[in-house]
Amino acid sequence: DPEPAVRQSAIMLLGDFLMMLGMAGVMVWYSPRLTLITGSVLPLMILVTVLFQKKFHHRFVEVRRQHYNISTRLAEFLQAIPLLQAYARHRWATSRLQELTRQKYDTQAIAEWYVIVWFNLIFVLETLALCLILGVGGAWAVWCE
């Protein structure tokens with residue numbers, strides 16, 4: 001029954017959203033200017049995410065399609081084991097499954113590479129935001145004191 005998992009995920013998302021709103025409120029309360037500077041990186045993160053999602057979503061759909069093909073073919077072969085053995089086609093079935101698995105592996109490897117690139121771009125942007133906070137905030141603290 002997927003309902004408890006969906007409920008749990010919804011509760012976690014709501015909690016994370018409320019925590020984000022609370023943190024943003026505290027940031028604005030302490031320093032609206034520094035919050036704006038920090039938030040300037042957010043549009044870049046959103047842009048990177050949207051571009052990656054649009055450009056590479058089809059690869060992940062293809063991985064799921066290939067996974068479905070492998071599962072379907074495996075189920076067919078398992079049901080047909082007596083026939084495959086009777087007609088000495090078990091080697092053909094094995095090689096066919098290996099071919100499908102290799103295709104899925106190759107497609108998934110490329111898709112995972114894109115995920116790694118995306119995570120690293122987001123990490124660089126997070127680091128940029130931290131540098132802005134420390135650099136600008138530090139300069140304000142030194143010059144305003």
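## A charge over a ring

A charge counts as sitting over a ring if NZ of Lys or CZ of Arg is within 6 Å of the ring centre and within 35 degrees of the ring normal. Keep in mind that what you're looking at is a predicted model. Here, Arg 33 puts its charged end over the ring of Trp 140, 4.0 Å from the ring's centre.

How many aromatic pairs does the count come to? The count is six. Take Trp 29 and Tyr 30, whose rings pair up edge-to-face, with 5.1 Å from centre to centre and 70° between the planes. Trp 29 and Tyr 30 are both exposed.

Phe 52, Phe 56, Trp 113 and Tyr 114 come together as one aromatic cluster.

## Around helix H1

Helix H1 covers residues 3–30, and Leu 18 has its place there. Leu 18 also belongs to a nonpolar surface patch, together with Leu 14, Phe 17, Met 20 and Leu 21. Taken together, the patch has about 510 Å² of accessible area.

## Salt bridges along the helices

The salt bridge count comes to four. One of them links Glu 62 to Arg 65, with the closest N and O atoms 2.4 Å apart. Glu 62 and Arg 65 both sit in helix H3, three residues apart, or about one turn of the helix. Glu 62 has a relative accessible area of 26%, so it is partly exposed. Arg 65 is partly exposed too, at 41% relative accessibility.

Helix H3 also holds the pair Glu 76 and Arg 73, again three residues apart and about one turn of the helix. Their salt bridge has its closest N and O atoms 3.9 Å apart, and the cut-off for a salt bridge is within 4 Å, so the pair makes the list. Glu 76 is partly exposed at 39% relative accessibility, and Arg 73 is partly exposed with a relative accessible area of 27%.

Over in helix H5 (residues 90–144), Asp 106 and Arg 102 are four residues apart, about one turn of the helix. Their side chains meet in a salt bridge at 3.8 Å, N to O. Asp 106 has a relative accessible area of 37%, which means it counts as partly exposed.

## A buried glutamine

Is Gln 66 buried or exposed? With a relative accessible area of 10%, Gln 66 is buried, because anything under 20% gets that label. Gln 66 lies in helix H3, which spans residues 42–79.

So what does Gln 66 touch? Leaving aside residues up to four places away in sequence, Gln 66 touches Gln 103, Lys 104 and Thr 107.

Last stop: Ala 88, in the loop between helix H4 (81–86) and H5. Ala 88 isn't a glycine, yet its phi is positive, at about 55°. Where does Ala 88 stand on accessibility, buried or exposed? At 56% relative accessibility, Ala 88 counts as exposed, because the cut-off for that label is over 50%.

Methods
Residues are numbered from 1 along each chain as its sequence is written. This is a predicted model: local features need pLDDT of at least 70, side-chain atom pairs count only at pLDDT 80 or more; totals for chains, interfaces and linings use all residues. Side-chain values use heavy atoms; hydrogens and water are left out. Helices (H or I, at least four residues) and strands (E, at least two) are DSSP runs, numbered from the N terminus. Buried means under 20% relative accessible area, exposed over 50%, partly exposed in between (1.4 Å probe, protein chains only). Contact means heavy atoms within 4.5 Å. Rings of Phe, Tyr and Trp (its six-membered ring) pair if their centres lie within 6.5 Å; planes under 30 degrees apart count as stacked, over 60 as edge-to-face and the rest as tilted. Patches are made of residues with over 30% relative accessible area and no salt bridge: like charges are joined within 9 Å, nonpolar side chains (Val, Leu, Ile, Met, Phe, Trp, Tyr) within 5 Å. Accessible areas come from the Shrake-Rupley method with a 1.4 Å probe; for residues, only the protein chains shown count as cover.
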